[in-house]
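The tour goes stop by stop.

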Amino acid sequence: MDLEIKNIDNKYHSLLELTQSVESVINKTYTKSYWVKAEIAKLNFYPKSGHCYPDLVEKQNGKVVAQMRAIIWAGSFKDMSLKFTNVTNEKIGDGMTVLLRCSVKFSPIYGLSVQIHDIEPSFTLGELAKEKQKSIARLKDEGKFYKNKQLLPPLLIQRLAIISVETSKGYQDFIKVIDNNEWGYKFFHMLFPALLQGDGAVKSITSQLTSINKIIHHFDAVLIIRGGGGDIGLSIFDNYNLASSVADFPIPVITGIGHSTNFTVSEQVSFVNKITPTEVGYYLIHKFHKLSVRIQDVENILLEKSNGILSHNREILKQLSTKLKATTERLVYQNNLILKDINYKFINAIQKSINKQNHLLNNILLLITNQTNKLFIENNHTVMTLTEKIRLLHPENILKRGYSITVYEGKVVKDAKFLNDGDILETTFTKGKTISIVNK
C-alpha cells in the first residue's frame, strides 16, 4: 500500500499544470481567428460594463448538438452592434443565427471560450431568407398557402379579435382610427395580448389564435397588428408554424405589422395584408362605408321605385274611386226602391201574422185561466185537509191527549235499553216538566 502511494506521488500533476498544458496546446493549435456560424441562445449583455458573454449553440432537428461560452468586449460589441443595426435595422439579440469571427481562448480559471471580434450582418439576412423560402414551399405543398385568402368574409367585418401589444403605438393608432371614424361606424374589438418579436413571439401568437378559435363565433376576423421594425424583428412572421396557423384559421386573418418591404410569409398567407395598423383601420372603415353606400343606393332605388308605384296606384285609385262612386250611387238608388217595396210587403205580412197570433193567444189565455181556476179550487181543498192533519200531529196536540216526551242529554228517548242507572231525564207534559233519575 505504501509503495502504491509512493508511485502515485511521483506521477500526479497539479490542476494548474493540467490547465496550463491544455492552454499551451490550444494556443499553439488555434493561432488565428475563424468565421463560425452559430445561434445566440442568450446574449447576456451587461450595460454597466458594456461587455457581452453570449451562449452560442448549434441545433439539429431542434436539439442542441454543440454549445460554448463566448466573450465580446465592450469596445468590440459597440462597433459590431452599430454595424449590425445599420444593415438589418435591428439590434443583436437572442435567437438570431449569426456569422461571427472568433478566436479560441482557454483560461486556467475560466476555461474554454471563444472571443468574438466581428459579425457579418448579411449572413443573418441570408439565413432568414432561406427559412422563409422553406416555409413558403412547405405551405404550398400542403395546399395551405391560399386557404385563408379563399374564405368568404361576412358582408360586414365588424367584430374584431386583435392580436397585438396593448402599449404599442401601432395598436393605439389603429384603435383611434376605428373608434373615431367620421361616419360614426361602431366596431366591437377585443385585444388578445401577445409578444410580437423575440423567441417567445411565435408561441405567444399561436397560443392566442387557439384562444380565439375557442370563441370564434363572437368574431368576424382576426387582426395581427404591430408598429414598425426591421427585417429581423419581422422574421418570426416567416416561421412555418405561425404562418400555418394563420393559413389554417377558419375566419379571415388581416395583418398590419408596420413595414413596406420584405413581405413575410404570414402576410402572404393572410386574407388581407396592409402595411400599417392604421391602413388596416382604414380598410375596415372602407368596407363598412362601401356597404353603407350600397345600402344607401338600394334605399334610394327602393324609394324612387316606391314613389313611382305609389303615384301610379294613386291615379288608378282615383279612377276607380270615380267609377265606384257613380256605380254606388246608382246601386243605392235602385236598392232603396227595392227596399221600400220589401218594407211595405213585410209590414203588411207582419201585421196579418200579429193579428192571427193575437186571436190565437186570446183563446189560449182563456183556456189557461179556466184550467188554473179549476186547479186552484181542487188544490185549495187538499191543502186545507193537509193543514188539519198537520195541526193534529203537532206535539202540543199530542201532549194534550195524555202523551209526554222524555229527553236525555237533549235527545228524545225512544228505547229504554240505552239508559243506565243514574241517568238524569227531562219529561215534558201538556203543562209543565219534570226531572227524574233512572233507578232501574
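What follows is a list of selections, each with a short account of what is there.

**Ground rules**

This is a predicted model, in which local features need pLDDT of at least 70, side-chain atom pairs count only at pLDDT 80 or more, and totals for chains, interfaces and linings use all residues. Residues are numbered from 1 along each chain as its sequence is written, and side-chain values use heavy atoms, with hydrogens and water left out.

**Stop 1: the whole chain**

Select everything. The secondary structure comes to 10 helices and 14 strands. Helices (H or I, at least four residues) and strands (E, at least two) are DSSP runs, numbered from the N terminus.

Now orient along the principal axes. The C-alpha atoms fill a box of roughly 165 × 105 × 40 Å. The radius of gyration is 58 Å, whereas a compact globule of 440 residues would have one near 22 Å. That radius is taken over C-alpha atoms, and the globule rule is 2.2 Å times the number of residues to the power 0.38.

The accessible area comes to about 29,800 Å², and carbon and sulfur atoms hold 58% of that. Areas come from the Shrake-Rupley method with a 1.4 Å probe; for residues, only the protein chains shown count as cover. Of the 440 residues, 30% count as buried. Buried means under 20% relative accessible area, exposed over 50%, and partly exposed in between (1.4 Å probe, protein chains only).

Contacts come next, meaning heavy atoms within 4.5 Å. Among contacts with a separation of 6 or more, 62% are between residues 24 or more positions apart.

**Stop 2: Val222**

Select Val222, in strand 8. Is Val222 buried or exposed? Its relative accessibility is 0%, so Val222 counts as buried. Show what Val222 touches, leaving out residues up to four places away in sequence: the set includes Ala161, Ile163, Leu209, Ile212, Phe249 and Ile251. Pro252, Val253 and Ile254 also belong to the residues that Val222 touches.

**Stop 3: Arg159 and Asp220**

Arg159 forms a salt bridge with Asp220, with the closest N and O atoms 3.0 Å apart. Arg159 lies in strand 6 (residues 159–164) and Asp220 in the loop between helix 6 (201–214) and strand 8 (221–225), so the pair ties together parts 61 residues apart in sequence. Asp220 is buried at 10% relative accessible area, while Arg159 is partly exposed at 31%.

A salt bridge here is a side-chain nitrogen of Lys or Arg within 4 Å of a carboxyl oxygen of Asp or Glu. How many salt bridges does a search of the whole structure find? It finds 12.

**Stop 4**

Select Lys417 and Asp415. Their closest N and O atoms are 3.9 Å apart, forming a salt bridge. Lys417 is exposed at 63%, and Asp415 is partly exposed at 33%.

Then take Lys433 and Glu426, another salt bridge, with the closest N and O atoms 3.9 Å apart. Lys433 is exposed at 60%; Glu426 is partly exposed at 31%. Next, select Arg138, Glu142, Lys144, Lys147 and Asp248, which salt bridges with shared partners join into one network.

**Stop 4: the cysteines**

A disulfide is a pair of cysteine sulfur atoms within 2.5 Å. By this rule the count is zero. Cys52 is buried at 0% relative accessibility, and Cys102 is buried at 4%.

**Stop 5: a nonpolar patch**

Select Ile338, Leu339, Ile342, Phe346, Ile350 and Ile354. They make a nonpolar surface patch of about 540 Å². Patches are made of residues with over 30% relative accessible area and no salt bridge: like charges are joined within 9 Å, nonpolar side chains (Val, Leu, Ile, Met, Phe, Trp, Tyr) within 5 Å. Ile338 is found in helix 9 (residues 277–393) and is partly exposed at 45%.

**Stop 6: positive phi**

Most residues other than glycine have a negative phi. Select Asn44, in the loop between strand 1 (34–42) and strand 2 (55–60). Its phi is positive, near 55°.

End at Glu409, in the loop between strand 11 (405–408) and strand 12 (411–412). Glu409 is not a glycine, yet has a positive phi of about 55°. Glu409 is exposed, at 65% relative accessible area.
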